[in-house]
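Dear colleague,

Please find the structure below, together with its sequence.

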Amino acid sequence: MGFELNGIIVSGLKEAAKFLAMPEYEKAIEKILGSRPYPGTLNIKTQDFKKEMISHPLRFEGFERQGKKFSGITLTRASINNIQGLLVFPDINRQQKDVMEFIASINMRKEFDLKDNEKITVHIE
C-alpha cells in the first residue's frame with residue numbers, strides 16, 4: 001500500500017550526474033531500480049512529505065574512496081507517469097528541505113517535456 005504526493009517541478013543543483021557517475025552509487029541504485037539510472041534526477045518541491053513517512057526505506061551506507069568518504073542514501077520506490085523509479089534522500093544534502101529527488105532509467109524532463117513550476121504527482125510505494 002502506498003500514497004500519492006503532489007508537487008511542483010523545480011531545477012536542481014546539477015550535482016546528481018556527478019554522483020550517479022560514480023560506480024559505487026550507480027551499481028547500488030541499478031540493483032534496486034532494476035536498470036541503469038539516468039545520470040540526473042527530477043527535482044520535486046512538496047510541502048507534504050518528510051523522509052520519515054517512508055514505511056519501507058531502502059538504504060545504501062556510502063563508501064570511501066582514496067581516503068574520501070561519500071555519504072549514504074535512503075531510497076524508496078516510487079513512480080511518476082507510470083515510470084518506476086526511486087526517491088533518493090542523501091544523508092548530506094544541499095537541496096532545500098522540501099525538495100525530493102526522483103531517479104529513473106530515463107530523462108523524465110525530456111521524455112514527458114516537463115518544465116519548472118509544472119504540477120506533478122508522485123506515487124510512493
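In this message, a residue is called buried under 20% relative accessible area, exposed over 50%, and partly exposed in between, using a 1.4 Å probe and protein chains only. The model is a predicted one, in which local features need pLDDT of at least 70 and side-chain atom pairs count only at pLDDT 80 or more, while totals for chains, interfaces and linings use all residues. Residues are numbered from 1 along each chain as its sequence is written, and side-chain values use heavy atoms, with hydrogens and water left out.

Salt bridges

A salt bridge is counted where a side-chain nitrogen of Lys or Arg lies within 4 Å of a carboxyl oxygen of Asp or Glu.

Through salt bridges with shared partners, Arg 59, Glu 61 and Asp 91 form one network. Arg 59 meets Glu 61 at 3.1 Å, N to O, and Asp 91 with closest N and O atoms 2.6 Å apart. Arg 59 belongs to strand E3 (residues 58-60) and Asp 91 to the loop between E7 and E8, so this pair ties together parts that are 32 residues apart in sequence. Strands (E, at least two residues) and helices (H or I, at least four) are DSSP runs numbered from the N terminus.

Nonpolar cores

A nonpolar core is a set of buried Ala, Val, Leu, Ile, Met, Phe, Trp, Tyr and Cys residues joined through side-chain atoms within 4.5 Å. The largest such core has 17 residues, and those with the most contacts inside it are Leu 42, Ile 44, Ile 80, Leu 87, Phe 102 and Val 122. At least two residues of this core come from each of strands E1 (3-10), E2 (42-45), E6 (73-80), E7 (83-90), E8 (99-103) and E9 (119-124). E9 gives the most, with three residues.

A second, separate core holds 16 residues, including Ala 28, Phe 63, Leu 75 and Val 88.

Contact here means heavy atoms within 4.5 Å. Apart from neighbours within four places in sequence, Leu 42 is in contact with residues including Ile 9, Ile 80, Phe 102 and Ile 120.
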